[in-house]
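I opened this model to look up its sheet pairing, its charged pairs and its surface. These are my notes, in the order I took them.

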Amino acid sequence: MSASTVRTHENGAAGTHTTVLFDPADSSVVRVRDRRPGPGAEVAVAGPRDLWAGIERAHRLWLDLSRPRREWFTIRATPETQVVSFRTPGAQQYTWTP
């Protein structure tokens with residue numbers, strides 16, 4: 001995703017949720033909607049970039065790192081940049097920038 005990506009969220013009937021990510025820079029879009037009945041979600045991707053692929057990679061890494069809690073991450077934001085970091089108990093450093 002990029003800094004121009006916009007997220008919208010809607011609570012639908014029967015407790016369903018829909019999240020849409022849209023990047024006006026290139027018109028890439030992803031829609032994630034609860035699958036009813038049952039667990040899971042439907043993901044629809046359109047445009048020149050797959051906005052969902054980065055989220056899938058991040059989720060796999062989170063699982064590989066034994067599901068670190070959100071308070072274990074640090075966020076540094078300035079007018080020029082945004083950085084998210086995580087240091088494992090073994091002192092390995094992970095850093096993400098947009």
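**Entry 1: the sheet**

How many bridges pair E1 and E2, and in which sense? I find six bridges between E1 and E2, in the antiparallel sense. I keep in mind that this is a predicted model, where local features need pLDDT of at least 70, side-chain atom pairs count only at pLDDT 80 or more, and totals for chains, interfaces and linings use all residues. Residues are numbered from 1 along each chain as its sequence is written, and side-chain values use heavy atoms, with hydrogens and water left out.

My terms come next. Strands (E, at least two residues) and helices (H or I, at least four) are DSSP runs, numbered from the N terminus. Two strands pair if DSSP finds at least two bridges between them. Strands of a sheet pair through backbone hydrogen bonds, either parallel or antiparallel.

I traced the strand order as E1-E2-E3-E4, an open sheet of four strands with antiparallel pairing. Strand E1 (6-11) and E4 are the edges, each pairing on one side only. Neighbouring strands here are turned by 10° against each other on average, direction ignored. For such angles, axes are lines fitted to C-alpha atoms, for helices over the stretch in contact, and angles run from 0 to 180 degrees between N-to-C directions.

I then followed residues across the sheet. His-9 stands opposite Thr-19 in E2. Thr-19 in turn stands opposite Val-32 in E3. E2 and E3 run antiparallel, joined by six bridges. E3 and E4 also pair in the antiparallel sense, over six bridges. There I noted Arg-31 opposite Ala-44 in E4.

**Entry 2: turns and helix**

I checked the hairpins of this sheet. E3 and E4 form another with six residues between them. Gly-38 in that turn has a positive phi of about 100°.

Which strands does H1 lie across? I get E2, strand E3 (28-34) and E4, with H1 running at about 60° to E3.

**Entry 3: charged pairs**

Side chains of opposite charge can pair when their charged atoms come close. My cut-off for a salt bridge is a side-chain nitrogen of Lys or Arg within 4 Å of a carboxyl oxygen of Asp or Glu. The structure holds four salt bridges.

Asp-23 forms one with Arg-49, with the closest N and O atoms 2.5 Å apart. The pair links distant parts of the chain, 26 residues apart. Asp-23 is in strand E2 (residues 17-23), and Arg-49 is in the loop between strand E4 (41-46) and helix H1 (51-64).

Is Asp-23 buried or exposed? Asp-23 counts as buried because its relative accessibility is 0%. I use under 20% relative accessible area for buried, over 50% for exposed, and partly exposed in between (1.4 Å probe, protein chains only). Arg-49 is partly exposed, at 29%. Asp-23, Asp-26 and Arg-49 are linked in a network of salt bridges.

Glu-42 forms a salt bridge with Arg-33, the closest N and O atoms being 2.9 Å apart. Both ends are partly exposed: Glu-42 has 34% relative accessible area, and Arg-33 has 33%. Glu-71 pairs with Arg-69 in a salt bridge at 2.5 Å between the closest N and O atoms. Glu-71 is partly exposed, at 48%.

**Entry 4: E5, E6 and the surface**

I moved on to E5 and E6. They pair in the antiparallel sense over five bridges. They form a hairpin with four residues between them. Thr-74 stands opposite Ser-85 in E6.

Why does E5 lie largely in the open? Of its five residues, the number buried is zero. Ile-75 lies in this strand (residues 73-77) and is exposed, at 69% relative accessible area. Ile-75, Val-84 and Trp-96 make a nonpolar surface patch of about 290 Å².

Last, I looked up Thr-88, in the loop between strand E6 (82-87) and strand E7 (93-96). Thr-88 counts as buried, at 15% relative accessibility. Leaving aside neighbours within four places in sequence, Thr-88 is in contact with Leu-65 and Tyr-94. Contact means heavy atoms within 4.5 Å.

Notes: Patches are made of residues with over 30% relative accessible area and no salt bridge: like charges are joined within 9 Å, nonpolar side chains (Val, Leu, Ile, Met, Phe, Trp, Tyr) within 5 Å. Accessible areas come from the Shrake-Rupley method with a 1.4 Å probe; for residues, only the protein chains shown count as cover.
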